Amino acid sequence: MEHGTTAPIYHSHVSLSTRERQLLVTLVVLLIILASFQILAELSEALARVADVLLIFIAAWAVAYLLAPLVNRIDERTPLNRPLSVVVVYIGIAIVLAGVLALAVPGLVSQLNDLVTRAPEYGDRAAREVIALQQRLEGSGVNVKVTELYGQIPEKLSAFAGSIATDALGFVSATASVLFNFTLVLIIAFLMLIDGDQLWHALLRRLSPELQSEAELLRQSADRSFGGFIRGSLLLGLIYGVATLVILVLLGVPFAGVMAVLSGLAMLIPFFGPIIAEIPVLIVALLGAPDVFLWVLVLTIALQQVVLNVIGPRIMSSAVGIHPIFVFLALLLGSRIAGFWGVFLAVPVAGIFNTFLRYAYQVAQGRRARTEAATLIEEADAAAAAAASDARDATGEARVARRAARDARIAARGK
């Protein structure tokens, strides 16, 4: 080959059939899904290692968020500065809690002692009820050994009691850990209430305009999801607990105070809370006041329907809505990562995730610039308000039309 000449370059072009392209696309999609699951597994393991620390800061943020409106009002309407306003709020809450505990704890302790004392009596009564149920089932031709199932309960309880006795030191250390974490939560919430806004604005100043807008969207969605969910859950638990107490006291069910507290706390658990709240109340009513068991069953179910379907939607109206399937998925993932607290916080975290999914979808479609992230929730609220207004107008027009049609029918009959 002479100098100054270039060797010919051959290009190879591979043509794929339609079916081969479809298979290739399917393979790529499956690989992406597999990689996504692997990333999620790694993230879940990483979160599991730091879940306790994250929960402390999330709990502190929740306490600070709940107390912030009261602190702001004192700070704005009194000569006190911000730190003193926080101190006043903390002192006020401590006084209120001390008063509530002084009034409620003696009665609850008395009822708990009575429950422990009468536990053998209730056990004998439950055994008689099980035997009677077994006889009725056998008389009806149903081959179910209820007595065998019930007979295993004392063994399970004794084994559980033995494990508690042998692991008493573990319970003591766990209690100390809870108290220590609670103290950390209060201290971190105190610092957040004093310097939280300044730290947030200082962080925003160091970000680009796009990240500033996205950080503001994160704050708004967290306020919406966590604030609405936590405040709403506490209020629903309080309403349900007080209403349960009234029902049980009026019907003469024993241990009404303890059952009301357990029911109110159980209602804080998303999805499964109503079922958990119902079980101990019905058991105590069946064993302690069987004459009014049917009334307790009917009234507590009616109470749950009112709380969940009438009061709940009004209280939770500010929370970001997600489909029940994703709620269930969030609860399962939350329980796997952080146990009870994961279940409790799964719904608001899913609400934040849902907000950013909608934001990412709009950015990918070119409908929203990254600098416009902070307006997403405001625009969604405006659209929801407009839709609700249109629905009210349509309902009003339909009501007017029905009224006019009725008047026309009455006039036609008069003629």
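Which residue forms a salt bridge with E216, and how far apart are the closest N and O atoms? The partner is R219, and the closest N and O atoms are 2.3 Å apart.

## Model and conventions

This is a predicted model, in which local features need pLDDT of at least 70 and side-chain atom pairs count only at pLDDT 80 or more, while totals for chains, interfaces and linings use all residues. Residues are numbered from 1 along each chain as its sequence is written, and side-chain values use heavy atoms, with hydrogens and water left out.

## Overall fold

The protein has twelve helices and zero strands. Helices (H or I, at least four residues) and strands (E, at least two) are DSSP runs, numbered from the N terminus. Of the 415 residues, 26% count as buried. Buried means under 20% relative accessible area, exposed means over 50%, and partly exposed lies in between (1.4 Å probe, protein chains only).

## Salt bridges

A salt bridge is a side-chain nitrogen of Lys or Arg within 4 Å of a carboxyl oxygen of Asp or Glu. By this rule the count is two. Side chains of opposite charge can pair when their charged atoms come close.

In the pair E216 and R219, the two residues are separated by about one helical turn, because they are three residues apart in helix α7. E216 counts as buried at 17% relative accessibility, whereas R219 counts as partly exposed at 32%.

The side chains of R370 and E214 also meet in a salt bridge, at 2.8 Å from N to O. This pair links distant parts of the chain, 156 residues apart: R370 is in the loop between α11 (324-365) and α12 (376-414), and E214 is in helix α7. R370 is partly exposed, with a relative accessible area of 37%; E214 counts as buried at 15%.

## Helix α8 and its surroundings

Two packed helices are described by the angle between their axes and the distance between the axes. α8 and helix α9 (residues 273-288) pack at an angle of about 165°, with their axes 7 Å apart. That makes α8 roughly antiparallel to α9. Axes are lines fitted to C-alpha atoms, for helices over the stretch in contact, and angles run from 0 to 180 degrees between N-to-C directions. Angles under 35 degrees count as roughly parallel, over 145 as roughly antiparallel, 65 to 115 as roughly perpendicular and the rest as oblique.

Eight of the eleven residues of α8 are buried, so this helix is largely enclosed by the rest of the structure. Among them are A256, G257, V258 and M259. A256 has a relative accessible area of 5%. A256 and A285 are 29 residues apart in sequence, and their C-alpha atoms are 9.6 Å apart in space.

F255 lies in the loop between α7 (209-251) and α8 (256-266). F255 has a phi near 60°, a positive value in a residue other than glycine. F255 counts as buried at 5% relative accessibility.

## Nonpolar surface patch

V25, V29, L30, I33, F37, I39, L40 and L43 make a nonpolar surface patch of about 780 Å². Patches are made of residues with over 30% relative accessible area and no salt bridge; like charges are joined within 9 Å, and nonpolar side chains (Val, Leu, Ile, Met, Phe, Trp, Tyr) within 5 Å. Accessible areas come from the Shrake-Rupley method with a 1.4 Å probe, and for residues only the protein chains shown count as cover. One of the patch residues, I33, is in helix α1 (residues 18-49). I33 is partly exposed, with a relative accessible area of 40%.
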